[in-house]
Amino acid sequence: MAATTPNWLRRSGTALGCVLILAWCLLPVVWIISLSFKSQIAITNGSPGFFPASGDFAGWANYRDVWDNDQFRRAIFNSIGISLIATLLSVAIATLAAYAIARLEFRGKKLVLSMALAFAMFPVVSLVGPLFDMWRTIGLYDSWPGLIIPYMSFTLPLAIWTLSAFFREIPWEMEQAAQVDGATSWQAFRRVIVPLAAPGVFTAAILTFFFAWNDFVFGISLTSTENARPIPASLSFFVGSDPFNRPASLLAAGAVISTIPIIVIVLLFQRKIVAGLTSGAVKG
Amino acid sequence: MKNIVKKYGDGFPAVNDVSIDVADGEFVILVGPSGCGKSTLLRMIVGLEDITSGDMVIGGKRVNDLAPRDRNLAMVFQNYALYPHLTVYENIAFPLRLAKVDDATVDAKVREASKTLELDEHLDRKPGNLSGGQRQRVAMGRAIVRDADAFLFDEPLSNLDAKLRGQMRTEIARLQKRLGITTVYVTHDQTEAMTLGDRVAVLKRGVLQQLATPRELYEKPVNLFVAGFIGSPPMNFLPATVEGPTVTLPFGTVQLPEERARMVADAVERLGVSGPLIAGIRPEHFEDASVLDTERGGSTFRAQVDVVEWLGNQAYAYLPFEAPDEVTEQLAQLERDLDGESLRTQVVVSLDASSGVTAGDEAEIWIDTSSMHLFDPASGANLTVG
Ligand SMILES: Nc1ncnc2c1ncn2[C@@H]1O[C@H](COP(=O)(O)OP(=O)(O)O)[C@@H](O)[C@H]1O
Ligand SMILES: [Mg+2]
């Protein structure tokens with residue numbers, strides 16, 4: 001089959017496929033960017049073109065307006081803080097847990113792993129109701145920890161599974177060599193194992209950050225004020241100056257801004273995710 | 001090391017009642033086919049494996065319960081176990097950094113080690129970009145940089161190609177002689193064992209067979225296993241019936257020297273051996289009778305030559321023979337122990353290069369009976385060593 005297909009046909013087929021998939025994925029993104037540059041009036045009047053018609057172009061006005069909005073700035077701050085803390089805690093705990101799971105024999109190891117998986121499979125909405133009640137009683141409602149904790153309960157299992165797979169890949173000898181060289185278990189872990197598992201750690205960090213950043217259900221149900229409301233929830237409350245006319249172009253600008261941290265994080269971390277870092281450790 | 005026993009979780013005795021006393025500055029080799037417990041034994045010395053019973057004593061101190069880092073031993077792993085995220089320099093410096101040595105001393109020591117091992121131009125590279133031989137030297141650098149009480153090597157050369165292996169072997173020998181550090185070296189390669197060791201310990205399925213100098217192992221193996229393991233090409237084993245000094249081999253009868261015959265007779269009586277024995281003769285103790293100018297001790301016999309391999313400096317001839325079943329069984333078992341492929345019942349003889357014997361000839365072969373060993377088929381014990 002493959003042998004009978006001409007080469008150029010196959011190659012242009014691949015290219016066409018790529019373009020289609022890209023268009024499919026990127027169209028909404030591009031569209032929202034286009035929206036964010038149109039003026040409010042243009043949108044209310046209906047502005048079907050991709051590029052703003054003459055006179056409809058708003059320049060950076062929408063961006064400036066969103067950014068000047070206190071509610072929005074506060075939400076960005078909440079989101080960044082909550083997501084970062086959830087990520088850090090989750091990765092730190094998961095690293096230790098995954099190491100134990102990969103290296104040590106202890107009773108209930110299988111149980112821990114399957115429980116973790118079970119938790120990760122729980123539908124988010126099923127937890128919202130009980131959490132709402134619990135948090136109100138304990139006083140965690142509408143606070144940062146009130147969001148960080150549920151985020152972690154979903155991201156930890158994922159991080160543990162990812163990381164324990166990474167740890168298992170690291171040859172035992174690395175650690176034993178370190179011990180013979182005079183390292184304590186902790187030193188061997190910190191100076192040899194963790195650097196070697198860095199790609200895994202960063203993968204887990206990105207996944208965790210995504211989850212926390214993109215969450216909407218917890219964000220909208222477990223907060224009531226700007227105290228802790230993260231960006232996805234905040235955008236849905238965003239009404240702008242005129243309560244009867246939802247400011248679509250402002251929202252679009254807000255959405256674009258809120259993806260920036262994600263892009264920054266991915267760019268920062270993806271350099272660290274260098275596959276095959278362990279190559280060269282062993283054999284000739 | 002005294003009466004070391006190691007049982008793994010599944011109750012399998014990987015090392016059984018091994019006692020080895022390694023003198024200061026000595027180079028001891030642990031050798032045996034793969035799976036015989038060499039690595040396990042080495043890892044017990046360094047502390048990576050718990051000791052089920054017995055005492056591990058280093059420098060007069062029992063170290064059974066000490067962590068690896070408290071034993072001050074340096075180990076080179078089979079796969080080197082270099083730290084891929086560190087440069088060569090930092091790899092070598094790693095033990096010093098852990099010991100909180102100050103930077104100036106670290107630098108001096110690392111540079112000294114790298115000079116010894118000719119790693120100077122690679123210090124800033126990562127192990128992943130080095131060749132096998134260079135990685136091997138980095139691993140050794142990491143071992144020699146700290147003044148450890150002993151070096152432990154676990155098959156350090158098995159990942160290198162044949163040429164490099166020869167070079168590194170000499171290198172290790174030179175290094176050890178120069179530093180004069182006690183060394184325990186694990187290998188499954190009998191050539192390495194013979195060339196490097198002051199003394200060699202041969203292990204079989206976790207049991208120590210013989211601990212002796214290479215020469216003694218070669219000339220006076222205590223049993224069939226050691227005899228078959230040491231030497232290349234390996235010793236030939238033939239069924240033999242002994243009556244006084246007369247030994248009947250499949251090719252004919254040969255005469256044992258008087259002293260050897262007496263030794264065998266004594267041993268047979270002492271151990272209560274009955275039935276046919278197994279004769280062990282190394283290839284070089286045969287010769288083409290026609291190239292021997294003067295009459296020497298020993299006997300000759302005639303045999304059909306199957307194949308001749310001429311190597312320039314010598315030739316190997318293969319002589320097939322018929323073996324009775326009871327002995328074949330024992331020899332097949334031995335071959336399995338030695339990790340070898342199934343043995344064809346043939347004798348390999350090493351001939352002088354000037355020998356004109358060709359395949360298909362019937363040749364007159366001389367045999368040096370004073371170097372012939374006789375083994376008890378049941379226990380494998382060598383009846384010709386005192
Ligand atoms: N962790 C382990 N658990 C159980 N058995 C083991 C373990 N490690 C090694 N063994 C067994 O112990 C024996 C000796 O192993 P080893 O010391 O690695 O042999 P080698 O002489 O080839 O280095 C082998 O038969 C192996 O199957
Ligand atoms: Mg081994």
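The structure is a predicted model. In chain A, Ser90(A) lies in helix α4 and Trp213(A) lies in helix α10. In chain B, strands β18, β19 and β20 make up an open sheet.

**Ser90(A)**

- Helix α4 of chain A, which covers residues 70–103, contains Ser90(A).
- Ser90(A) counts as buried because its relative accessibility is 0%, and the limit for a buried residue is under 20%.
- Apart from residues up to four places away in sequence, Ser90(A) touches Met152(A), Thr155(A), Leu156(A) and Thr208(A).

**Trp213(A)**

- Trp213(A) belongs to helix α10 of chain A, which spans residues 198–214.
- With a relative accessible area of 3%, Trp213(A) is buried.
- When neighbours within four places in sequence are set aside, the contacts of Trp213(A) include Ser79(A), Ile80(A) and Ser83(A).
- Ile231(A), Pro232(A), Ser258(A), Pro261(A) and Ile262(A) are also in contact with Trp213(A).
- Ala75(A) is 138 residues from Trp213(A) in sequence, while their C-alpha atoms are 11 Å apart in space.

**The second largest pocket**

- The second largest pocket holds about 390 Å³ of space.
- This pocket is lined by 17 residues, of which Val22(B), Val57(B), Ile58(B), Gly59(B) and Thr182(B) are the closest to its centre.
- Three strands of chain B, namely β5 (57–58), β8 (150–154) and β9 (182–187), each contribute at least two residues to the lining of the second largest pocket.
- By residue class, the lining of the second largest pocket comprises twelve nonpolar, two polar and three charged residues.

**The sheet of β18, β19 and β20 in chain B**

- Strands of a sheet pair through backbone hydrogen bonds, in either a parallel or an antiparallel manner.
- In chain B, the order of the three strands in this open sheet is β18-β19-β20, and their pairing is antiparallel.
- The edge strands are β18 and β20 (346–352) of chain B, each of which pairs on one side only.
- On average, neighbouring strands of this sheet are turned by 20° against each other, with direction ignored.
- Strand β18 (residues 307–310) and strand β19 (residues 314–320) of chain B run antiparallel and are joined by four bridges.
- Within this pairing, Glu309(B) stands opposite Tyr316(B) of β19(B), and Trp310(B) has Ala315(B) of β19(B) as its bridge partner.
- β18(B) and β19(B) form a hairpin in which three residues lie between the strands.
- In the turn of this hairpin, Gly312(B) has a positive phi of about 100°.

Methods
Residues numbered from 1 in each chain as written. Chains lettered and ligands numbered in written order. Predicted model: local features only at pLDDT ≥ 70, side-chain atom pairs only at ≥ 80, totals over all residues. Heavy atoms only, no water. Buried < 20%, exposed > 50% of the residue type's maximum accessible area, 1.4 Å probe, protein only. Contact = heavy atoms within 4.5 Å. 1 Å grid on protein atoms, 1.4 Å probe; cavity = no way out; pocket = protein on both sides within 12 Å on 5 of 7 lines; lining within 4 Å. Points joined across faces, edges and corners; volume = space filled by probe spheres on them. Nonpolar A, V, L, I, M, F, W, Y, C, P; charged D, E, K, R; others polar. Pairing = 2+ DSSP bridges. Axes fitted to C-alpha atoms, helices over the stretch in contact; angles between N-to-C directions.
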